[in-house]
Amino acid sequence: MKHLIDKLEQTHSLTKEEWTALIEGRTPETAAYLFTRARAVRHKYYHHDVYIRGLIEFTNYCKNDCYYCGIRRSNQNARRYRLSKEQILQCCDIGYELGFRTFVLQGGEDGYYTDERMVDIISEIHGRFPDCAITLSIGERSYESYRRFYEAGADRYLLRHETYDPQHYKILHPEPLSAEHRRQCLWDLKEIGYQVGTGFMVGSPYQTAENLADDLLFLEELNPQMVGIGPFIPHHDTPFKEHPAGTMELTLFLLGLIRLLLPKVLLPSTTALGTIAPDGRQQGILAGANVVMPNLSPTDVRKDYLLYDNKICTGEEAAECKSSLEQQMNAIGYQVTVARGDSLNTNMEL
Ligand code: 5AD
C-alpha cells in the first residue's frame, strides 16, 4: 500500500484498480503514513493556516427529493424558511466584523430565488464587501444563470457531484436528476471562470470502493479548486433513515488521498465530520484539510437547515462557532486566518 501512496504523491494519479486496492486494503498503518505525507504537502503550500468561510444557509426550500437529504421536497416535517436580502446582508455584516472574507450562500433549489433576485443579492454583497469572495452553493442552474451570477460578482461555486457512477447516482436521487447533468453544470461553471468546488458523501448507501475510485478519477479529470467531502449521516425523515452513517476513519483516509491527488486544493474539514465525532474537524485538519466553514446563519433558523441528524453548532451564535473552532485549531497547532484564501490550484500552474 505504501508504494501506492508514494506513487500518488509523485504522479498525482492512480488507475481505478490502484485506487480501489488502496481503499480496500487500507490499514491503520497505511493511514498513518498517508496522513504524514498529506500534512507535509499541505504545510508546503498552506503552512499551518486554516481558512474560514462564513456559511449562510439562506433557504431550506428545495424542489429536489434526494433520498438522503433532510430538506428534500417530500419531507413534510421540515419547517421551511427563506432569508430576505436584508437578513442575508446582516449575516454578512456580522461575519465581516468577525473577520470573514468569504461568504458562502447555500440553499436548497428554491424557485423563489429567480436569477433577478440572486443577481440583486450578489451585487449588493459585492458592492458592500468588495474585498470579500462570494461563493454560491445553490445547485443546478442554466449556463446563462451561472454566467449572470458570475457577472454580478460571484467568484466561487460549490456543487458536489455526489457520486460519479450513473447507477449509484440514480439510487441516491430520483429522476430527473442525473450524474451526467450534474457534471455538465460543473464543466459550465469552470468554463465561465468560477473557482469550482465539487465532492461527495463518504459511506452513502450502496457506495462501493469502485464508486469512490470513480469519484477520485473524476476529481483528477475536473481538477477543481475545492473539494468538499463528509460522511453520510442518516436523517430520520428520509427513506435512508435506517442506513448506517459513513465512518470518520474512511472520511479521513479520503481527505488524505485528495490532498496528495490535488496538492493545492482547498479542502474543508466539514460540519458532517464534526458531527460524527467531537474531534472530527481537528482530525480532518490533521489528515490534510485546510478549510473550515462556521455557520453565520441566524440562530432562529439554524435548527431548520438540517440535512442530517444531530448537526453541530445549531444553537450557537456566529461568534461562538468561530471562537470554539479557533480554540480547536490552536489546540492542534494550527491557526485560523482571515485571508480570502483563494486556491493556489490555478490551471496555469498545474
Ligand atoms: N448526510 C451527509 N451529507 C449530506 N448532504 C446532504 N444530505 C446529507 C446527509 N444526510 C450533503 C450533500 C450536499 C451537501 C450540501 O450536503 O453532499 O451536496
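Colleague: Let me start with a detail: which residue stands opposite V291 in β8?
Modeller: Strands here are DSSP runs of E, at least two residues long, and helices are runs of H or I of at least four, all numbered from the N terminus. Strand β1 (residues 49-52) and β8 run parallel, joined by two bridges. The residue opposite V291 in β8 is Y51.

Colleague: Before we go on, what pLDDT do local features need?
Modeller: Happy to explain: residues are numbered from 1 along each chain as its sequence is written. This is a predicted model, in which totals for chains, interfaces and linings use all residues, side-chain atom pairs count only at pLDDT 80 or more, and local features need a pLDDT of at least 70.

Colleague: What is the strand order of the open sheet that has β8 and β9 as its edge strands?
Modeller: Two strands pair if DSSP finds at least two bridges between them. Both β8 (291-292) and β9 (335-337) pair on one side only. With parallel pairing, the three strands take the order β8-β1-β9.

Colleague: And what is the order in the open sheet of six strands?
Modeller: Its edges are β2 (54-59) and β7 (226-231), each pairing on one side only. From one strand to the next, the twist averages 20 degrees, taken between axes fitted to C-alpha atoms, with angles running from 0 to 180 degrees between N-to-C directions. The pairing is parallel, and the order is β2-β3-β4-β5-β6-β7.

Colleague: Which helix carries the chain across from β3 to β4?
Modeller: These two strands run parallel and share five bridges, with A133 in β4 as the bridge partner of T102. The crossover is right-handed: with the strands pointing away from the viewer, the path from the first strand over the helix to the second runs clockwise. The helix in it, residues 115-128, is α5.

Colleague: Is strand β3 mostly covered or exposed?
Modeller: A residue is buried if 20 or more other C-beta atoms, placed from the backbone, lie within 10 Å of its own, exposed if 12 or fewer do, and partly exposed in between. T102, V104 and Q106 on one side of β3 are buried, and so are F103, L105 and G107 on the other. With six of its six residues buried, strand β3 (residues 102-107) is mostly covered.

Colleague: How many nonpolar residues are in the shell around the ligand?
Modeller: The surrounding residues include Y68, R160, F232 and H235, where near means a C-beta atom, placed from the backbone, within 6 Å. Ala, Val, Leu, Ile, Met, Phe, Trp, Tyr, Cys and Pro count as nonpolar, Asp, Glu, Lys and Arg as charged, and the others, Gly among them, as polar. Besides two polar and two charged residues, the shell has nonpolar residues numbering eight.

Colleague: Where is the cis peptide bond?
Modeller: Look at the loop between α7 (166-172) and α8 (179-192), where P176 is found. The bond has omega near 5 degrees and runs from E175 to P176.

Colleague: Why does N310 count as partly exposed?
Modeller: N310 lies in the loop between α13 (299-302) and α14 (318-331), and has a positive phi of about 60 degrees although it is not a glycine. C313, in the loop between α13 and α14 too, has phi near 65 degrees but is buried, because 20 other C-beta atoms lie within 10 Å. N310 counts as partly exposed because its C-beta neighbours inside 10 Å number 13.
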